[in-house]
Each structure stands twice: as C-alpha cells, then as structure tokens.
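Q: Could you show me how to read helix packing and a nonpolar core in a model such as this one?

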Amino acid sequence: MGEKDWLGYLNGGEGWIKLYEANEYTKKFGLSLTKDKVLRLMERRNEALRNEGRVEFGTGILQKIIYAFCDSDYVGADEWDEILGRLTEIFYLYKNEMKDEITDDELIAFMREQYDEVCCGDLDYLEGTCLNLFAQAVRAGYRGYVNSGGYHEYEQFDLRARWSHEEFIAALNELCQ
C-alpha cells in the first residue's frame with residue numbers, strides 16, 4: 001500500500017458509510033447526500049486536511065458538521081454538499097488559526113451560531129469576519145469560550161453595531177407606515 005493509499009485509508013476508510021447513514025436523520029430537514037456526494041465530501045475533507053497539515057481518522061469532523069448544520073434555515077437541499085465541503089475547509093483552517101486551543105465542539109458551536117445569527121448563511125462572512133476576529137482573540141489569550149462552550153461569544157468581538165430584534169421591528173414598522 002503506497003503512502004497516498006495509506007493516508008486515504010487513515011483519513012476515511014469506510015467512514016463514508018456513517019456519513020451516508022446520517023441521511024436517515026437529515027431527511028427530516030429535506031437534506032440527503034448520495035453515495036457519490038459523500039465520497040466527494042470525503043475527498044474534499046482529505047484535501048483540506050492535507051492543505052492544513054492535519055490528520056484525522058474515520059469520518060472526522062464531517063459527521064459533527066452534518067448534525068450541527070442540518071437544521072439551519074440557511075441550508076437547502078441543492079447546496080447541502082457544497083456547504084458541508086466549505087464548512088469543513090473553514091473548520092480545519094480555523095482549528096489551525098486558533099492553534100488547537102479550542103475544542104472541535106466549541107468551534108462548531110461558534111460556527112453554527114454565527115452562520116445563523118450573524119452571517120445569515122454567508123460562508124464568506126463567517127470565514128473572513130466572524131471566525132477571523134474570534135481567532136485573533138483566541139490567539140491573544142481569550143478563553144471565555146471554555147465556559148460558554150463556544151456560544152454567545154461573537155458579540156464581544158463584533159465591530160459592527162447591530163440592531164436588537166425590537167429595534168429592527170420598530171424600524172420596519174416605521175418604514176411600512
């Protein structure tokens with residue numbers, strides 16, 4: 001078995017079966033992956049691991065990302081596999097950017113919350129703004145996410161003033177009158 005074959009085995013093996021079986025759960029959200037899409041996701045994950053100089057065994061983080069994001073209002077069936085691939089790449093990039101100070105679950109919780117509440121499904125904003133600011137804080141020594149599990153952290157680092165729900169509704173009502 002050559003080096004490439006060995007790494008492919010370690011970084012996936014038959015893990016695609018577990019990802020394919022996740023369809024049973026995600027179908028209730030109108031999402032599913034074909035075997036071909038699962039295999040392409042595994043390839044994309046392996047490429048992201050190589051690019052970031054990381055190694056993982058089995059399904060790695062993909063399964064956690066699937067379960068964390070499948071019920072988002074910003075995910076649709078047509079782009080489900082592309083979103084998963086991009087989230088996986090972003091995840092590995094920021095695991096490195098944060099020097100592995102943050103756990104997988106904390107990072108995924110942060111990513112999901114920002115994806116829905118701040119980014120409104122915009123992966124570029126998640127990667128280039130939310131995670132970038134958070135990673136800078138983590139590298140500088142911030143550890144507040146340990147107690148929160150990664151939730152409700154971004155507002156401390158957000159550079160934009162945002163409206164509360166009440167402010168938004170009041171402005172909307174004013175515009176509609």
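Q: How are two packed helices described, and at what angle do the axes of α5 and α7 cross?

A: Two packed helices are described by the angle between their axes and by the distance between those axes. In this predicted model, the axes of α5 (residues 62-69) and α7 (residues 104-117) come within 10 Å and cross at roughly 35°, and the crossing is right-handed.

Q: Which residues of α5 and α7 meet?

A: From α5 the contact involves K64, I65, A68 and F69, which meet D104, D105, I108, M111, R112 and Y115 of α7.

Q: Which residues have the most contacts inside the largest nonpolar core?

A: That core has 48 residues, and those with the most contacts inside it are W80, M98, M111, L126, L131 and F134. At least two residues each come from α2 (16-21), α4 (35-52), α5, α6 (80-97), α7 and α8 (123-139), while the largest share, ten residues, is supplied by α8. Leaving aside neighbours within four places in sequence, F134 is in contact with M98, I102, F110, Y142, Y145, E153 and F157.

Q: What span should α6 have, and is α6 mostly covered or mostly uncovered?

A: Because each residue counts for 1.5 Å, the 18 residues of α6 should span 26 Å, and this agrees with the 25 Å between its end C-alpha atoms. The helix α6 is mostly covered, with 13 of its 18 residues buried, and it is followed by K99, whose phi is positive, near 55°.

Terms used:
Residues numbered from 1 in each chain as written. Predicted model: local features only at pLDDT ≥ 70, side-chain atom pairs only at ≥ 80, totals over all residues. Heavy atoms only, no water. Axes fitted to C-alpha atoms, helices over the stretch in contact; angles between N-to-C directions. Helix = DSSP H or I, 4+ residues; strand = E, 2+ residues; numbered from the N terminus. Left-handed = near helix turned anticlockwise from the far one by under 90°. Contact = heavy atoms within 4.5 Å. Core = buried A, V, L, I, M, F, W, Y, C linked by side-chain atoms within 4.5 Å. Buried < 20%, exposed > 50% of the residue type's maximum accessible area, 1.4 Å probe, protein only. Expected span 1.5 Å × (residues − 1).
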